[in-house]
Amino acid sequence: MSVADDLHPVLHAGRVALVTGAASGIGRAAALEFAKQGLKVAIADVAAEPLHALGVVLAKLVGEANVLVVPTDVAQIEEVVRLRDRVYEAWGEVAVLMNNAGIGNLGTSWDGIENWRKVFDVNLFGIVNVQQTFVPSMIHQENPALVINTGSKQGITNPPGNAAYNASKAAVKSLTEGLAHELRVKANCNVTAHLFIPGWTFTGLTGAGKATEKPAGAWSAEDTVLYMLDKVRAGEFYILVPDNETKRELDQLRIMWGAADIAEGRPALSRWHPNYKALYEEYIREGLAQLE
Ligand SMILES: NC(=O)c1ccc[n+]([C@@H]2O[C@H](COP(=O)([O-])OP(=O)(O)OC[C@H]3O[C@@H](n4cnc5c(N)ncnc54)[C@H](O)[C@@H]3O)[C@@H](O)[C@H]2O)c1
């Protein structure tokens with residue numbers, strides 16, 4: 001996979017990318033890719049040490065003057081305001097705002113209240129804080145710009161196991177759809193929004209800290225980022241990324257099945273309900289045969 005070297009109005013040398021959660025995984029890979037493409041890169045993360053280490057690598061790619069390292073907790077609005085001031089003072093614009101910081105702390109339906117709060121503070125309010133702080137300035141820029149919010153398939157199909165994470169990512173889907181609409185109907189607005197939905201990607205969140213080798217089913221963070229950038233260039237809103245285990249057709253069928261739970265009045269999460277197992281499996285088998 002590669003990103004074509006075309007004349008995209010936003011993704012090109014000299015413009016400014018800001019990535020939150022940039023110290024690891026997908027955010028780190030995105031920051032590196034933006035630097036390779038010659039964009040100025042601002043990186044933010046709570047993990048200051050790996051963030052500074054990445055800053056050194058980025059400076060080698062794009063020059064020290066074109067890198068800003070700003071340790072930031074996106075859950076704290078004052079830190080986000082400080083981040084905006086640093087970036088606008090340095091470069092006067094943000095062309096690509098990548099809301100990527102996220103955590104997966106476990107919170108089930110009646111357990112883990114503290115984790116629920118942490119997960120929502122980062123995954124949802126982190127994005128709300130950044131959007132509220134940056135988007136008004138981005139709207140006033142003359143150049144086109146884009147916001148990429150990182151959701152999750154778990155926020156769409158809601159698999160049992162981590163209700164807190166799923167609910168936070170469902171909220172990210174909802175708020176990003178709302179943002180896209182609000183930007184679209186605003187007069188003379190040159191900003192677009194995109195919902196980035198990674199597949200299974202080998203990162204800190206999914207065990208890269210412990211395992212040394214990428215599982216065969218997962219994509220690398222670099223592959224996920226390159227796929228995402230291709231779709232952003234193509235102007236897509238929903239950027240549904242496959243992996244080596246789940247191809248797009250299967251994701252499509254899973255999403256349609258979940259929507260049909262509501263439309264057809266089936267029990268919640270019928271995909272995991274024993275009475276619907278055979279029906280679900282048949283639906284997938286037949287659906288794949290038709291789509292392929
Ligand atoms: N890896 C996957 O398979 C996968 C799948 C779907 C969605 N995602 C999403 O992709 C995004 C990136 O995750 P990743 O897999 O690269 O994980 P990761 O753990 O490797 O990276 C996440 C980064 O976010 C940072 N972070 C956490 N809390 C923060 C805060 N309050 N302020 C600023 N930074 C903070 C962490 O320090 C870390 O560097 C997340 O939003 C995650 O939910 C990942």
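Modeller: Angles under 35 degrees count as roughly parallel, over 145 as roughly antiparallel, 65 to 115 as roughly perpendicular, and the rest as oblique. This is a predicted model, in which local features need pLDDT of at least 70 and side-chain atom pairs count only at pLDDT 80 or more, while totals for chains, interfaces and linings use all residues. Residues are numbered from 1 along each chain as its sequence is written.

Biologist: At what angle do the axes of H4 and H6 cross?

Modeller: Axes are lines fitted to C-alpha atoms, for helices over the stretch in contact, and angles run from 0 to 180 degrees between N-to-C directions. Helices (H or I, at least four residues) and strands (E, at least two) are DSSP runs, numbered from the N terminus. The axes of H4 and H6 cross at roughly 15° and come within 9 Å. The crossing of H4 past H6 is right-handed; a crossing is right-handed if the near helix is turned clockwise from the far one by less than a right angle, and left-handed if anticlockwise.

Biologist: Which residues of H4 and H6 make the contact?

Modeller: Two residues are in contact if their C-beta atoms, placed from the backbone, lie within 7 Å. On H4 they include Trp116, Phe120, Leu124 and Ile127, and on H6 they include Tyr165, Val172, Leu175 and Leu179. The contact of H4 with H6 has 12 nonpolar, four polar and one charged residues. Here Ala, Val, Leu, Ile, Met, Phe, Trp, Tyr, Cys and Pro count as nonpolar, Asp, Glu, Lys and Arg as charged, and the others, Gly among them, as polar.

Biologist: How do H3 and H4 pack?

Modeller: Helix H3 (residues 77–91) packs on H4 at about 30°, with the axes 9 Å apart. That makes H3 roughly parallel to H4. Val80, Val81 and Tyr88 are among the H3 residues in this contact, and Val130 and Phe134 are among those of H4.

Biologist: What is the orientation of H8 and H9?

Modeller: H8 and H9 are oblique to each other. The axes of helix H8 (residues 248–263) and helix H9 (residues 277–291) cross at roughly 135° and come within 10 Å. Glu249, Leu250, Leu253 and Trp257 are the H8 side of the contact, facing H9 residues that include Tyr280, Tyr283 and Leu291.

Biologist: How many residues surround the ligand, and which are the closest?

Modeller: A residue is near a molecule or strand if its C-beta atom, placed from the backbone, lies within 6 Å of it. The ligand is surrounded by 29 residues, the closest being Gly21, Gly25, Gly102, Gly204 and Leu205. Helix H1 (25–36) and helix H4 (113–140) each give two or more residues to this shell, and H1 gives the most, with three. By class, the shell has 12 nonpolar, 15 polar and two charged residues.
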